[in-house]
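Try each task before you read its solution.

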Amino acid sequence: MNFSISSNYLNEHTHFEKLFNDTFFTSIELREDHINKNIIDDQIEVSALIPNTDFYNQLNINNSSELSDKINLYESINAKRILIDTEVLLEKNNLENFDNLIIRITTLIKKLKLVFLVPNILNENYEIILDKLLSNSNSNYFLALNSKNILLNGSQPSIVNRIPVNLIDYIQLTDIPKFIDNHKMANDLDELLPNEGVLDLKSF
């Protein structure tokens, strides 16, 4: 099992060799907006590349040229997978179009492992979205779980037991300061490092 640290906790002055030597981390989870020359030149191992908002905007308008440039950039760094946020994907698209969006993404991204983040369980369309995510049979297609999304209202990890283990490719461990019971409050929750908040991450 490999452990990564989010680029949210790093900056342009981070000394990666020292970071990896002094901790149990072996790679970084990299947000597109945090890509810099040092990461590219040093070929730092990237466990997952998280696209920025512009990726979803270009996907929404089907700008093939811009998307191709972005994907070339993702492939040029030492990334293992691309992590697609299903809730961001649906912000500007109807749920009825979700299947087509998945097909479009799987057609565009062929070299990187493609991983879709399971939405938070308070999303009113959680079960529908999960059903759609589970119905895809592409061989380069996997799912990711985020502890915040699954446990944010005090639910037990068993709630995701119907997801086949072989489909789960990536786990994000994020803590939160309090439990909530309203989907609209999720984006306002501070994200904490593991064991700094209320989640039972050992059971997760």
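**Exercise 1.** Find which residues of α6 are buried, and say how they sit around the helix axis.

*Solution.* Start with the list: Phe-98, Leu-101, Ile-102, Ile-105 and Thr-106 are buried in α6. They span an arc of only 130 degrees around the axis, so they sit on the same side of α6. Buried here means under 20% relative accessible area, with exposed over 50% and partly exposed in between (1.4 Å probe, protein chains only). The arc is taken from the directions from the helix axis to the C-beta atoms. Helices are DSSP runs (H or I, at least four residues), as are strands (E, at least two), numbered from the N terminus. Next, look at the cover: it includes α3, β4, α5, β5 (113–117), α7 (126–134) and β6 (141–146).

A word on the source: this is a predicted model, where local features need pLDDT of at least 70, side-chain atom pairs count only at pLDDT 80 or more, and totals for chains, interfaces and linings use all residues. Residues are numbered from 1 along each chain as its sequence is written, and side-chain values use heavy atoms, leaving out hydrogens and water.

**Exercise 2.** Is Asn-52 buried or exposed, and what does it touch?

*Solution.* Locate Asn-52 in the loop between β3 (46–50) and α3. Its relative accessible area is 14%, so Asn-52 is buried. Leaving aside neighbours within four places in sequence, Asn-52 is in contact (heavy atoms within 4.5 Å) with Glu-32, Asp-33 and Lys-70.
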